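Biologist: Could you walk me through this one? I'd like to go over the interfaces and the ligand site with you.

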Amino acid sequence: MIDPSTSFVPDPKVPPGPLENKWSNFKKTARLVSPNNRKKFKIIVVGTGLAGASAAASLAELGYEVSTFCFQDSPRRAHSVAAQGGVNAAKNYRNDGDSVYRMFFDTLKGGDFRAREANVYRLAECSAHLIDQAVAQGVPFAREYGGYLNNRSFGGVQVSRTFYARGQTGQQLLLGAYQAMMRQVGLGNVKSHTRHEMLDLVVEGGQARGILVRDLDNGKISRHAAHAVLLATGGFGKIYYLSTLAMGCNGTAIWRSHKKGALTACPSWTQIHPTCLPQSGDYQSKLTLMSESLRNDGRIWVPKKKDESRPAHQIPEQERDYYLERRYPSFGNLAPRDISSRAAKERIDAGFGVGKMKNAVYLDFEEAIREQGKATIKRKYGNLFDLYEKITGINAYQSPMLISPAAHFSMGGLWVDYELSTNIKGLYALGEANFSDHGANRLGANSLLQACVDGYYVIPYTLPHFLASLPKENVPSTDTPAFERAENQLKASLDKLLAIKGTKSVDHYHKALGKLLYDHCGLSRSAEGLQKAIALIKELREDFNQNVMIPGHSQEMNDELEKAGRVADYLEIGEQMCLDALTREESCGAHFREEYQTADGEALRRDKDFSFVSCWHRVEGKSVLVKEPLTFEFIQPTERSYK
Amino acid sequence: MHFKLKIWRQPNRHTKGNLVDYELSGVEPDMSFLEMLDMLNEKLIVNGEAPVAFDHDCREGICGQCGLFINGRAHGPHDQITTCHVHMRAFKDGDTIFIEPFRASGFPVQKDLKVDRSAFDEIIAAGGFISVNTGQSPEANSILISQDTAEAAFDAAACIGCGACVASCKNASAALFTAAKISHLAQLPQGKLERKKRVLSMVKKMDELGFGACSSTGACEVECPQGISISHIATMNREYFK
Ligand SMILES: Cc1cc2nc3c(=O)[nH]c(=O)nc-3n(C[C@H](O)[C@H](O)[C@H](O)COP(=O)(O)OP(=O)(O)OC[C@H]3O[C@@H](n4cnc5c(N)ncnc54)[C@H](O)[C@@H]3O)c2cc1C
Ligand code: FES
């Protein structure tokens, strides 16, 4: 039974008017905070990746008092740093038919019509200016001979709108945002807390009042109060253990906020990236991404014969199955990620995989090298080929790369409305931490963009609109019963974890959970598998609570305690992911339910019954579904065909 | 593979540390160096012993969080690579491996192999930026930058802030780190206006933080994972005395 008091419909607060005027209409009518009042407003920004650093810098420039938090030892190390491929913007520099509308359309279609039209349009609308901003900050984007900006095309679109800085676009964009933020630190407008992990959200009277953090260097818990809390804590794809994410990436901040009342949305929608290095043994701790840009010139294939034992170069052309080119002739090797990953899994599961563990497919540059010359390929992808050789010891100019799908990006996250506000007053979610613009599948190079647009262009307008509405007597204080209660509970929960003193490491549980999720809530899902996974996750959680071993105590630097907190949350998030996938009885984007496919194995969307965002509310420890209906006013959802 | 490990253990910033011996077998050549440490830690943890604390995050050579002094070299046996990219195939079965933290007065040890590199953030906060507010920027293609200039600026901008340059310098100088940012921004038209102010305040901050002087031995560029050239230090000096 769903408690009627909790089965509300979340209000997306989409402004009225034609699609192309919605954002300007919002800005026109938004409330402002006068310059001399801004200093009085305290803002907490958790996370200093692209979303957090850009928000912190922009808000501090406006005059607000900003505090930032991150778990790394410097804001510059947030995982945005690892993005290789590029960032999209509808500049139409190539005159190839790009426009804000086309980018909007591509993104909405790429997300399989499971995102809000107005949000997606705004993302496209703000994209062009982001490139201007980044260039002004000194981001050294690739240039043409004439000195103009260069760009390229990326998976799933037919125009060139992806701007890049060698294979280190995320690093360069992040350094731009980090430097802007550090400038504000130097000016005294931002207080940066590194090596501080947010462990709880404090809510009182339905409003976010602040956070509790643990100093990772000495274990001290401290309280921080503010008028608004912005979560920009990134993706939680590390829940799969083997992923392209960094070791510390986590779902803790958003999950603990969820437990304080914030809705999550579509938590099971995870992008599994097609071009990663395959697992080579049980000891493995991460799967490195090889940029998708490689698919512009590399051809993907597997042998036509099962259990092929010849090395790649001895397999003649007619005995190779270029399965993407075969199945999707018009997009070929550039088919979107979900489709490419699923096609690879199909071949691997059918026994055509290659490599030591038969878990990979070939990405072959032979033809590209023959046609364009080694020098050109080296100029385009040299650093990626070097990276490949560093990790595998194999020279990819001579033999094809081995690649395999890996968990990469969380489309799901905290539910937010058009203003990036969660359903808790004063709590916002930005960047990968929220569910917003990407629907059921994110297009390559759109998420650096989203993180930046959220931080540089959206929150500086939507947050003041909220702050200006706060009554004057609303002064943040940490000296309240709510803070006291939360701190006591947090300390007790840390002590409880430490007291278990069992026999298995935290990583043991993390790996087991990751495997369960890959098997049952990964590229392909079924009711039977998901039900099984839910039961197994419950058992695993029980086991964890009885048998995990965390050496040491809480008043010191304790890496295992940090990891244990994150994995404890993952063990709850994983269950909700499976429930989310189970209740969505259709296939859309990255969510592929085996029961819902066409005769030729393509995803079968069920618009009539499932055009909604699955939002999850936590009631007495249980996940309860509430729906935000998706209405399509401007584009009629079509079949998402890339054939 | 089997290894004898000599690992620096130090409980916290204020207590003295020492090298502790460990033995580890069953290591596979394709394991990364950090996965080898994971394996050791797994063994320690199930015995209820404190695992070895070491820095890492992305494990793909870009975040700059990892950094170990392995057999007397920053980031281990290869040139121009991060610790997370070192694999066990680089060692011989039966080898003894010394594992220590990066050492420099600017980088105090926090615990075991972890050091505090927040001094780098302070250097950037002193001037490692272009003073442009969000929303002020002109159309990107109104600033033309030749391919060569963009590439040269990138070479400097590629720094990951790992601190291997400091750790491998006998004077524990932060010249390469600081010079890379100065050179990146000074080469671009957008960054030229503030170049004098930038170099003066960043160099002043670097000196204040207790980093040593550069005596041009070039040890830093050998260990820099991004291969950043010491020619940027010359650029920094030119900018300074201009
Ligand atoms: C390998 C890789 C390659 C990618 N390539 C591309 C690409 O080419 N193009 C593209 O558009 N996108 C790409 N993406 C996706 C994109 O990089 C991310 O979606 C985006 O950078 C996320 O930015 P963010 O600011 O939301 O989060 P992040 O950059 O992950 O930052 C998260 C921040 O939150 C902090 N944090 C987390 N939890 C806590 C806590 N509990 N307490 C305190 N602080 C916390 C962290 O310290 C960090 O500062 C890639 C992703 C990966 C993994
Ligand atoms: S862990 Fe990120 S560079 Fe090594």
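Biologist: What is the area buried between chain B and chain A, and what percentage do carbon and sulfur atoms give?
Modeller: Bearing in mind that this is a predicted model, the area buried between chain B and chain A comes to about 6,100 Å², with carbon and sulfur atoms giving 50% of that.

Biologist: And how many residues of each chain are in contact there?
Modeller: On the chain B side 73 residues are in contact, and they meet 75 residues of chain A.

Biologist: How many salt bridges and polar pairs are found between chain B and chain A?
Modeller: The interface of chain B and chain A holds seven salt bridges, and the count of residue pairs in polar contact, both at pLDDT 80 or more, is 44. One of the salt bridges joins the side chains of A:Arg166 and B:Glu151, with 2.9 Å from N to O.

Biologist: Switching to the ligand, why is the site of ligand 1 said to be shared between chains?
Modeller: It is called shared because the residues that surround ligand 1 come from chains A and B.

Biologist: Which residues come nearest to ligand 1?
Modeller: There are 39 residues around ligand 1, and those that come nearest are A:Gln72, A:Ser80, A:Met198, A:Glu432 and A:Leu448.

Biologist: How much of ligand 1 does the protein bury?
Modeller: Ligand 1 taken alone exposes 1,000 Å², and the protein buries 98% of that area.

Biologist: OK, now inside chain B, what are the domains and how far apart are their centres?
Modeller: The domain assignment gives domain 1 of chain B as 3–111 and domain 2 as 118–241, and the C-alpha centres of these two domains lie 29 Å apart.

Biologist: What does the contact between those two look like in numbers?
Modeller: In chain B, 20 residues of domain 1 are in contact with 21 residues of domain 2, and the area buried between the two domains is about 1,400 Å², of which carbon and sulfur atoms give 59%.

Biologist: Which residues make the salt bridge there, and what kinds of residue are on the domain 1 side?
Modeller: The count between the two domains of chain B is one salt bridge, and B:Arg73 forms a salt bridge with B:Glu223, the closest N and O atoms being 2.8 Å apart. The side of domain 1 of chain B that touches domain 2 has nine nonpolar, eight polar and three charged residues.

Biologist: What about the domains of chain A?
Modeller: Chain A is divided into domain 1, covering 277–287 + 296–407, and domain 2, covering 481–619, with 31 Å separating their C-alpha centres. Each of these domains of chain A gives 11 residues to the contact.

Biologist: How much do they bury, and which residues of domain 1 lose the most area?
Modeller: Domain 1 and domain 2 of chain A bury about 800 Å² between them, 53% of it on carbon and sulfur atoms. A:Asp338, A:Arg342 and A:Lys345 lose the most area on the domain 1 side, together 53% of what that side buries.

Key:
Residues numbered from 1 in each chain as written. Chains lettered and ligands numbered in written order. Predicted model: local features only at pLDDT ≥ 70, side-chain atom pairs only at ≥ 80, totals over all residues. Heavy atoms only, no water. Domains from an automatic or database assignment. Contact = heavy atoms within 4.5 Å. Buried area = accessible area lost by both parts, 1.4 Å probe. Salt bridge = Lys/Arg side-chain N within 4 Å of Asp/Glu carboxyl O. Nonpolar A, V, L, I, M, F, W, Y, C, P; charged D, E, K, R; others polar. Near = heavy atom within 4 Å. Areas by Shrake-Rupley, 256 points an atom, 1.4 Å probe, with all protein chains shown as cover. Polar contact = N/O pair within 3.5 Å; in protein donor to acceptor, adjacent residues only side chain to side chain.
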